[in-house]
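Visitor: Please show me the chain, and then take me through the model one question at a time.

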Amino acid sequence: MAHTSEQYRDAALAMLPRGPAWNHAPKSVMWQFWYAIGVIFAILESDLAKLDTETRARETNELLPEWEQDYGLPSIYNADTFDARKQALIAKTAKKQVPTPAYLKQFSADMGYTIDVIQHKPFCCGDPTSQCGDGVSEIGLTRSMLGIKVTNVTGNIPLSYFVQEINRIVPAHVYVGVDN
């Protein structure tokens, strides 16, 4: 539940000391100052609540075009209604999974690129070291369990377009790197 500017003002005034230098009377300078700060905090809280809503595909409104782009859905300039676009996004988010390494290699080969798919064992939360799939110890915590390394950059399409197409079919946490 959002707080009002008055609630923020009253909370701030309640934490201040009492006495002649700390005038809490309505319309005093101190009262007006904390009311102005309360207005800013109330707006910030409201904006953060809206942003929180936009981070969920089922509830997004303003960021629908960005969600569509991330999931490879048609352009925002299509003839579908807003509700139809949102339902298509919800259906697509339910299906987007990490593709298999074999699929990624075939997809890349069809575009004229050769890739290595590096699969990592998941890092344990709180354990800064773990074993990578090739047995080399890695330092750091990460959620990425899959990496794509492009080893042949002489494909049928520009490399930037290829990387863009790979990023459309894999989730955001998958790293795509180029080995020159």
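Guide: Buried means under 20% relative accessible area, exposed means over 50%, and partly exposed lies in between, with a 1.4 Å probe and protein chains only. This is a predicted model, in which local features need pLDDT of at least 70, side-chain atom pairs count only at pLDDT 80 or more, and totals for chains, interfaces and linings use all residues. Residues are numbered from 1 along each chain as its sequence is written, and side-chain values use heavy atoms, with hydrogens and water left out.

Visitor: Which residues of helix α5 are buried?

Guide: Helices (H or I, at least four residues) and strands (E, at least two) are DSSP runs, numbered from the N terminus. Helix α5 covers residues 101-110. Its buried residues are L104, F107 and S108.

Visitor: What arc do the buried residues of α6 cover?

Guide: Helix α6 spans residues 159-169, and its buried residues are F162, V163, E165 and I166. They lie on the same side of α6, because their arc around the axis is only 160°.

Visitor: Is V39 buried or partly exposed?

Guide: V39 belongs to helix α2, residues 29-54. Its C-alpha atom is 9.7 Å from that of Q7, 32 residues away along the chain. With a relative accessibility of 30%, V39 is partly exposed.

Visitor: What is the relative accessible area of L63?

Guide: L63 is placed in the loop between α2 and α3 (64-70). L63 counts as partly exposed because its relative accessible area is 30%.

Visitor: What share of the residues in the protein chain is buried?

Guide: The chain has 6 helices and 5 strands, in the order α-α-α-α-α-β-β-β-β-α-β from the N terminus. Of its 180 residues, the buried share is 27%.

Visitor: What percentage of contacts between residues at least 6 apart in sequence join residues at least 24 apart?

Guide: A contact means heavy atoms within 4.5 Å. Among contacts in the protein chain between residues at least 6 apart, the share joining residues at least 24 apart is 57%.

Terms used:
Arc of directions from axis to C-beta.
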